[in-house]
Amino acid sequence: MAVVVSTGLSWGLYEWLPKSYRSSVLVQFEEQKVRYVQSVDEPAGDKPEFVMANRVGAMSEWLYKQELLMQVAQEFHLYGYEKEGSTREYDDYIASRMRKEVKFDVKEAPFVRVSFADSSPEMARDVIARLSGLFVKEHSESRAVIAESSSEFLQHELDVLKKKLEVKEKALAEFKQSHLGQLPEQLNSNMHAIDRLETELAAQQEVEKTVSLRLDSVDKAIREYEDPASDVGPQRATKDPRLSRIKQLERNLAALQSTYKESYPDVASVRNEIKKLQAMSTEDYIELYIDQEPAIDSDTGVKRKRKAIDPYKTELTKQREDILRELELVRLRQSRIKAEIRKYEARIEGTTVNQQELMSIQRDYENLQKNYQSILEKKMTIGMASDLEQKSQGTKLRIVQQAGLPNLPEKPNIYFILFGGFGFGCAVGFGSAFGIELLRRGFVSAEEVELTLGLPVLAAISQFESAWPGSAKGSVEPVARKPRLLSLPGLNREDSTTSGAMQVAVGPELVAMWYPRSAVAEQYRVAATRLGLMVDKQKSTVVCISSALMGEGKTSTALNLAHVLSRDLNRKTVLLDCDLKRPMVHAYAGLELAAGVAEVLLGHKTLEECLEYHEQLGVWILPAGIEQSGTAALTHADRLSELIASLRERFDYVVVDSPPLLPVAEAMLIVRSADVVAHVVRARATSRDVVSSAIKMIGQERAVAVILNGVEAQDAPYSYYNYSSRVYESNRKQLR
């Protein structure tokens, strides 16, 4: 039904919406007959996508001209346009509107489809036919004019650029001439020159050191020779001047040999003098060089001998003068080298300073050269294109498919609207069905409960069958389902001293007792732990186990939770069966129906008389009672409050199994007496609206949490139903 209605509405919408028809022509670009020569309307390159993009750009630029659009609008009275009385603003509006309706569709090269849309199919056909005809005519007539005018313009640009190039070339030459030696390209040569000069300077410094050593040696020899202490005194007789002279000459020879070769004249002269002195005796040496005719001192009148001209001293003096001249020459050469180094360093500094200016001049010059070359190539290309046009070998345009009358409107798209309506109808129909089914099937996982109700989930309890290994269900369930059982020794009143020896027939629903290592029992322990965190450090807590309807697992949840609180958390716990119309706690626990809540509320029995302790469960149980009129006692809130208050004083946890909220009116009185309400919801069974109604009845005065019961294995969170892969022990070994 939703599909039919939606499709009909979409057809009505199509008929109601304004129509727009589009007509088109197919234009062909005939390629130029001479290849590798670009026409004026083609980019530099032979890639088809570049060529077609340039052609479409040229077409759109021409067809979007306001003069052309106004001419066509006047011819066909498009949009009711009339030239007379029109304003500039209205002309701009009509031109803008026509530009929006013109489209270009690039087909396989060299075809381009040009179209125009209008509310009238005849008008769309006539307008696009006129526009395409004008464009083809204008294109054929204007190419030669464009080529000629472009050639003149480019020639003018070439002349201007040529003058600028000449000026820039002259400036560049003058700059290089004025900064010769300080140009960037001369930087490496300047650096090499400095390295060479520094090497030469280091060599001259070594020569200076050698010459200085020679000078020191000669000065030392002169000082030793002229030392009066060596010539007069009591030791003169023992001193041999000839041997002293020979030793001095040998030192000089060694110094000369360290600097010069054996063929050096000074080396040969010193060697000859040493041989001459070695052949001479000491007396001959003294007679020849030391003692001569006596001379009278003018001051004292004492005669003394005067030395003749000493060739040794003369030679030393000559050597010293030569060494001084050589040392001066070396130092002069060093000064010249240092001056050269400073000159080249100044050039390098000038190169760094002038580099930016030179780069700026060269960059301008190179840009001018590139521009000149580019314009020159364009001028040559345009000249070739003009020649091709004159010889009918350039690119031509022709219309290969005339404008036709469109049959279907472009807007609105009938197929889109109909299929959209059909799809919307399907979505609404199937979505509604899915939503209804989703509401009916109830909750599947704990995440859905938290997102929908905004309440915390204490635990997600899997189906009990997942915890029953093999035939455990068949062996225990028949015993548990007997309507009444005899009194068992395992059950004691508070004041009883009898000890039981018989096994209690507890139903298989008490998974926490029968199979404490199962994943189901573990979830009950999780629920008990989270419940303890909710009440924090409260001394005594009343927990009401409620449900919206019957059959959601409320009683089994109360028994298992009470058992876990007592056995696992070591809390003293009592379980009250307040479902007086349909009591089930005694059946699941293996008790026979006896006096309980009804008798206490009516005052027929005391609490101590009705309260019983279940040995194996470890829980105190207060059954529903026998008297049918006990349901009326639930309406007395003060009596129920007194009962719960007395239980608070004796127990850590008071677990109350309440009747269903929706069918039983007295359930609200029980819920209001609790500190925490644990609302049991059966997965995939209880509808969501029913659960929401029950939660609203509980109200916000007390803490409310949800226990999702009967979760299927594939829906269990974190796959906790595979919590343990081991084979469980027998029932007897697992019972505590």
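Predicted model: local features only at pLDDT ≥ 70, side-chain atom pairs only at ≥ 80, totals over all residues.
Good morning. Of the 736 residues in this chain, 43% are buried, where buried means under 20% relative accessible area, exposed means over 50%, and partly exposed lies in between, with a 1.4 Å probe and protein chains only. Residues are numbered from 1 along each chain as its sequence is written, and side-chain values use heavy atoms, with hydrogens and water left out.

Let me begin with the overall picture. The chain has 25 helices and 15 strands; these are DSSP runs numbered from the N terminus, with helices being H or I of at least four residues and strands being E of at least two. A contact here means heavy atoms within 4.5 Å. Of the contacts between residues at least 6 apart in sequence, 80% join residues at least 24 apart. The accessible surface of the chain is about 41000 Å², and carbon and sulfur atoms account for 54% of it. These areas come from the Shrake-Rupley method with a 1.4 Å probe, and for residues only the protein chains shown count as cover.

I turn now to helix α11, residues 311–390, which contains I361. Is I361 buried or exposed? I361 is buried, at a relative accessible area of 14%. Its contacts, neighbours within four places in sequence aside, are K168, L172 and F175. From I361 to A171 the C-alpha distance is 7.9 Å, although 190 residues separate the two in sequence.

Next, the aromatic residues. A pair of rings is described by the distance of the centres and the angle of the planes. Rings of Phe, Tyr and Trp (its six-membered ring) pair if their centres lie within 6.5 Å; planes under 30 degrees apart count as stacked, over 60 as edge-to-face and the rest as tilted. The structure holds four such pairs. In one of them, the ring centres of Y90 and Y93 are 6.1 Å apart with planes at 35°, so this pair is tilted. Both residues belong to helix α4, residues 88–101, and stand three residues apart, about one turn of the helix. Y90 is partly exposed at 32% relative accessibility, and Y93 is also partly exposed, at 44%. Ring pairs join Y81 to Y90 and Y93 in a cluster.

The criterion is NZ of Lys or CZ of Arg within 6 Å of the ring centre and within 35 degrees of the ring normal. The charged end of K343 sits over the ring of Y344, 5.3 Å from its centre. For K572 over the ring of F651, the distance to the centre is 5.2 Å.

Finally, the backbone. Most residues other than glycine have a negative phi. Which phi value does H77 have? Phi of H77 is near 50°, a positive value in a residue other than glycine. H77 lies in the loop between α3 (66–76) and α4 and is partly exposed, with a relative accessible area of 42%. N570 likewise has a positive phi, near 60°. N570 is in the loop between α17 (554–567) and β10 (573–577), and N570 is exposed at 66% relative accessible area. Thank you.
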